[in-house]
Amino acid sequence: MALGSGPGASGHVRGRRRAKKRPLSEINVTPLVDVMLVLLIIFMISAPLLTVGVPLELPRTDASAVSADNEPISVSVDRAGGIYVDQDPATLDQVGPRVAAIAGAGVTDRPIFVRADGAAPYEAVARVMARLSASGFSSINLITDTAPAVSAASTTVATPESEG
């Protein structure tokens, strides 16, 4: 048998053995922050894509954006005058009850976004908005695309002298 004088030979080294079994109580925050930043970027990119609906060509205006505290209910009118509540087709008589069912019993302050195609008949859009108003909803917003700012210097008017 060989006798050793090292710390592992006797097996009775108290200080080292306890230090190895002690759990690590430090939390490394750097990987957590990295993961959270990646998730934030993913959600920032994907959030605008979640507002899909009926494909429409919205008219362009100079109006500013509307802010909504509650999640709005979307009612769309397509080019042919077809009506959609969220993404489900509906008739003019079904618009009020369906929106009321989505909003909840007695809730009339939830915002409603009316999205109408630029070539949709004005009469169809007006009837949808009138039905929503008659159903008791007061926050009805007509959604449009914002037009780019046009400067006065870039617009030219054709005069008879410049045409020819």
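Helices, which are runs of H or I with at least four residues, and strands, which are runs of E with at least two, are taken from DSSP and numbered from the N terminus. In these terms Asp86 belongs to the loop between strands β3 and β4 (88-90). The model is predicted, and its chain holds five helices and seven strands. Buried residues make up 20% of the 164 residues in the chain, and the points below look at where some of them lie.

**The chain as a whole**
- Read from the N terminus, the elements follow the order α-α-α-β-β-β-β-α-β-α-β-β.
- Among the contacts in the chain with a separation of 6 or more, 70% are between residues 24 or more positions apart.

- Strand β2 covers residues 73-77, and because five of its five residues are buried, the strand is largely enclosed by the rest of the structure.
- In a regular strand the side chains alternate between the two faces of the sheet.
- Both faces of β2 are covered, with Ile73, Val75 and Val77 buried on one side and Ser74 and Ser76 buried on the other.
- Strand β2 pairs with β5 (residues 112-116) in the parallel sense over five bridges, whereas its pairing with β3 (residues 83-85) is antiparallel and has three bridges.

**Helix α4**
- The twelve residues of α4 should span 16 Å at 1.5 Å a residue, and the end C-alpha atoms are 18 Å apart, which agrees.
- Val95, Gly96, Val99 and Ala103 are the buried residues of this helix, and because they fall within an arc of 90 degrees when seen down the axis of α4, they line one face of the helix.
- An α-helix has 3.6 residues a turn, so residues three or four places apart point the same way.
- On the other side of α4, Asp93, Pro97 and Ala101 are exposed.
- The cover over the buried residues of α4 includes β2, β3, β5 and α5.
- Gly104 follows α4 and has a positive phi, near 110 degrees.

**Helix α5**
- Helix α5 (residues 122-134) has 13 residues, which should span 18 Å at 1.5 Å a residue, and its end C-alpha atoms are 18 Å apart, which agrees.
- Ala124, Val125, Val128 and Leu132 are buried in α5, and they line one face of the helix because, seen down its axis, the buried residues fall within an arc of 100 degrees.
- Tyr122 and Ala134 are exposed on the other side of α5.
- What covers the buried residues of α5 includes β2, β3, α4 (92-103), β5 and β6 (140-143).
- Just after α5 comes Gly136, which takes a positive phi of about 105 degrees.

**The second largest pocket**
- The second largest pocket has a volume of about 160 Å³, and its lining includes Pro59, Asp117, Gly118, Ala120 and Thr144.
- Helix α5 gives the largest share of this lining, four residues, and both α5 and β6 supply at least two residues each.

- Most residues other than glycine have a negative phi.
- Asp86 has a phi near 55 degrees, a positive value in a residue other than glycine.
- With a relative accessibility of 33%, Asp86 counts as partly exposed, because that term covers values between the 20% limit for buried and the 50% limit for exposed.

Conventions. Residues are numbered from 1 along each chain as its sequence is written. This is a predicted model: local features need pLDDT of at least 70, side-chain atom pairs count only at pLDDT 80 or more; totals for chains, interfaces and linings use all residues. Side-chain values use heavy atoms; hydrogens and water are left out. Buried means under 20% relative accessible area, exposed over 50%, partly exposed in between (1.4 Å probe, protein chains only). Two strands pair if DSSP finds at least two bridges between them. The expected span of a helix is 1.5 Å times one less than its number of residues. The arc is that of the directions from the helix axis to the C-beta atoms. Contact means heavy atoms within 4.5 Å. On a 1 Å grid over the protein atoms alone, a cavity is a set of points where a 1.4 Å probe fits but cannot get out, and a pocket is an open set with protein on both sides within 12 Å along at least five of seven lines; lining residues have an atom within 4 Å of a point. Grid points are joined across faces, edges and corners, and a volume is the space filled by probe spheres set on the points.
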